[in-house]
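Visitor: I am new to this entry and would be grateful for a guided introduction. May we look at the sequence and the structure together?

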Amino acid sequence: MSGSPIRFDDVTVAYDRHPAVHHLSGAFAPGSMTAVAGPNGAGKSTLLKALMGELSPAKGSIDRGGLSSRDIGYLPQAAEIDRNFPLTVADTVMLGAWRQVGAFGGITGTIAGRAREALSAVGLEGFEARSIRALSAGQFQRVLFARLLLQDARVIVLDEPFTAIDARTTADLLDLVVRWHGEGRTVITVLHDFEQVRAHFPQTLLLAREMIDWGPTEKALSPSNLLRARAMAEAWDSDAQVCRRASGSSA
Amino acid sequence: MTLHSLLIEPFVDYGFMRRALVASVALGLGSGPVGVLLMLRRMSLVGDAMSHAVLPGAALGFLIVGNLSLLAMGLGGLIAGLSVALLSGLVSRATDLKEDASFASFYLTSLALGVLIVSLRGSNIDLLHILFGTILAIDSQAIVLVGGITTFTLLALALVYRPLVAECFDPGFLRAVGGRGPLYHFLFLLLVVINLVAGFQALGTLMAVGMMMLPAAIAQLWARTLPMMFVVAASSAAAAGFLGLLVSYHLSFASGPTIILTASLIYGVSLLVGPSGALRRFIKRPHLAG
């Protein structure tokens, strides 16, 4: 599952002209497994939204390495999902086959079979006919991971996938993420738990609106980097002037 | 008084009752399922707003043709309803205003405009007809219109069921996989508008939405899966049409409001005894072992 890297070239994404991601340059290598870490308000989710094309950069460009954003399996943090919707677990998982069946194609036995396999891979064997309304937050996250399994995407982008999830579920789902990496998929995950990052993610992008560091996790999460990240995220200037930094020079 | 004379005779004896029955049953079959989706999208009030939005178009049709012509008013209502839906969608995408807020602004404008237009030409009776409908005066042309709209609605729902559900359940996902969510959202709004147009001849612009939202609420109380909700909503709407007509006939009540009140009554009973209703909270049943 090789391909071209996903490259950010001097990307700035702004809300109301204030930069949330500021002059970011770098690349996610194909098959790499990268944690995007940083304090609250560091622009982590914004970065992913820009990657998915939901926000367009105020400046700079994003090269998805020939992939369209549709080829990326994306699990947003605060998904606009209505968890009270009267849908079965199987139907939810099979949405992951959208690229194959689309709006009108028939659900084949193969797809139903893959949905069953995906459910047992996330530890929800036999949950097919249950309503998603009856699931706990952890079980529901497992269902969303099963949907990602069905999507079978080359690049997988997760935004804080383990928030409000218990330790066992987190461990199970982390195993899946590691497996995806082993299969050669590119994994990009926003995480705030530095211990998780150190334990499982070879690469880290430490973000505090500006890129602090991007590289091997041990180096990126050095104490001095973390200190800088905290100081930068807290700085917010409501009277900021127009940014005049020359393109290409990053902090 | 036999059961036959109570339930069947009014329809055997009078053509206008038969036509009203066909119209209200057809109306219920289409509007019920549309209402379920509206409610699941948390757009209950948008349905209300849309029904008001239909008014100025209908009134304009009335003004141009000069009498209560179904075709002119239906067409006008369709155009007005769709414009408001499109404009509100546009406003919520282009500004910070949420869709329900922009709907509210547009429908209030529409309502005022509609009443003004009717008052330019018509009498108060005309205004009453438009606002509250005349189900007993439905002619065969209107039945064809209502039946056609119901048929189209049910076929369309069956055809775009999956993208509609996906768009409703997880719009972000549909966007990410390139599922053309806005297209289906618009198609859905179109279904809402045409069902309101179908309803307004029978129940008037103010109460047409009652055939959507009340059955949808009833369905929420009884069913747990979406297909079952559709069935419950469609059948309770149709039943409200049938029973409401009978009550209005026997007690000489105005038929439109009676139909809606019958639906309200079913809703009230469901609130108490439905599986998700209130009584369940008061009756303690022993919990299960696992």
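Visitor: With 19 C-beta neighbours inside 10 Å, does Arg64(A) count as buried, exposed or partly exposed?

Guide: This is a predicted model, in which local features need pLDDT of at least 70 and side-chain atom pairs count only at pLDDT 80 or more, while totals for chains, interfaces and linings use all residues. Residues are numbered from 1 along each chain as its sequence is written, and chains are lettered from A and ligands numbered from 1 in the order in which they are written. A residue is buried if 20 or more other C-beta atoms, placed from the backbone, lie within 10 Å of its own, exposed if 12 or fewer, and partly exposed in between. With its 19 neighbours, Arg64(A) therefore counts as partly exposed.

Visitor: Which residues does Arg64(A) contact, leaving aside its neighbours within four places in sequence?

Guide: Arg64(A) has its place in the loop between E4 and E5 of chain A, where helices (H or I, at least four residues) and strands (E, at least two) are DSSP runs numbered from the N terminus. The C-alpha atoms of Arg64(A) and Asp193(A), 129 residues apart along the chain, are separated by 27 Å. Counting two residues as in contact if their C-beta atoms, placed from the backbone, lie within 7 Å, and leaving aside neighbours within four places in sequence, the partners of Arg64(A) are Ile6(A) and Ser69(A).

Visitor: Which residues are in contact with Arg70(A), leaving aside its neighbours within four places in sequence?

Guide: Arg70(A) is found in the loop between strand E4 (59-63) and strand E5 (72-75) of chain A, and it counts as partly exposed because 18 C-beta neighbours lie inside 10 Å. Its C-alpha atom is 9.0 Å from that of Ala153(A), although the two are 83 residues apart in sequence. With neighbours within four places set aside, the residues in contact with Arg70(A) are Arg99(A), Ala176(B), Val177(B) and Gly178(B).

Visitor: Which element gives the largest share of the side of chain B that touches chain A?

Guide: The contact takes 17 residues from chain A and 19 residues from chain B. By class, the side of chain B that touches chain A has twelve nonpolar, four polar and three charged residues; Ala, Val, Leu, Ile, Met, Phe, Trp, Tyr, Cys and Pro count as nonpolar, Asp, Glu, Lys and Arg as charged, and the others, Gly among them, as polar. Two or more residues each come from H9, helix H10 (171-176) and helix H13 (226-251) of chain B. The largest share, five residues, comes from H9(B).

Visitor: How far apart are the end C-alpha atoms of helix H5 (residues 137-151) of chain A?

Guide: Eleven of the 15 residues of H5(A) are buried, so this helix is largely enclosed by the rest of the structure. Those buried residues, among them Val143(A), Phe145(A) and Leu148(A), pack against E5, helix H2 (89-94), helix H4 (109-121), E6 and H6 of chain A. The expected span is 1.5 Å times one less than the number of residues, which for H5(A) gives 21 Å and agrees with the separation of its end C-alpha atoms, 21 Å.

Visitor: How many of the residues of H3(B) are buried?

Guide: Helix H3 (residues 15-40) of chain B should span 38 Å, and its end C-alpha atoms are 38 Å apart, so the two values agree. H3(B) is followed by Arg42(B), which has a positive phi near 55°. The helix is mostly covered, and of its 26 residues the number buried is 21.

Visitor: What is the phi of Arg209(A), approximately?

Guide: Most residues other than glycine have a negative phi. Arg209(A) lies in the loop between strand E8 (203-208) and strand E9 (210-216) of chain A, and it counts as buried because it has 26 C-beta neighbours inside 10 Å. Although Arg209(A) is not a glycine, its phi is positive, at about 65°.

Visitor: With 8 C-beta neighbours inside 10 Å, does Ala164(A) count as buried or exposed?

Guide: Ala164(A) is placed in the loop between strand E6 (155-159) and helix H6 (167-182) of chain A. It is not a glycine, yet it has a positive phi of about 60°. Its 8 C-beta neighbours explain why Ala164(A) counts as exposed.

Visitor: How far apart in space are Leu221(A) and Ala37(A), C-alpha to C-alpha?

Guide: Leu221(A), in the loop between helix H8 (217-220) and helix H9 (223-234) of chain A, is buried, with 20 other C-beta atoms within 10 Å. Not counting residues up to four places away in sequence, Leu221(A) touches several residues, including Ala37(A), Phe194(A) and Leu206(A). Leu221(A) and Ala37(A) are 184 residues apart in sequence, and their C-alpha separation is 8.8 Å.
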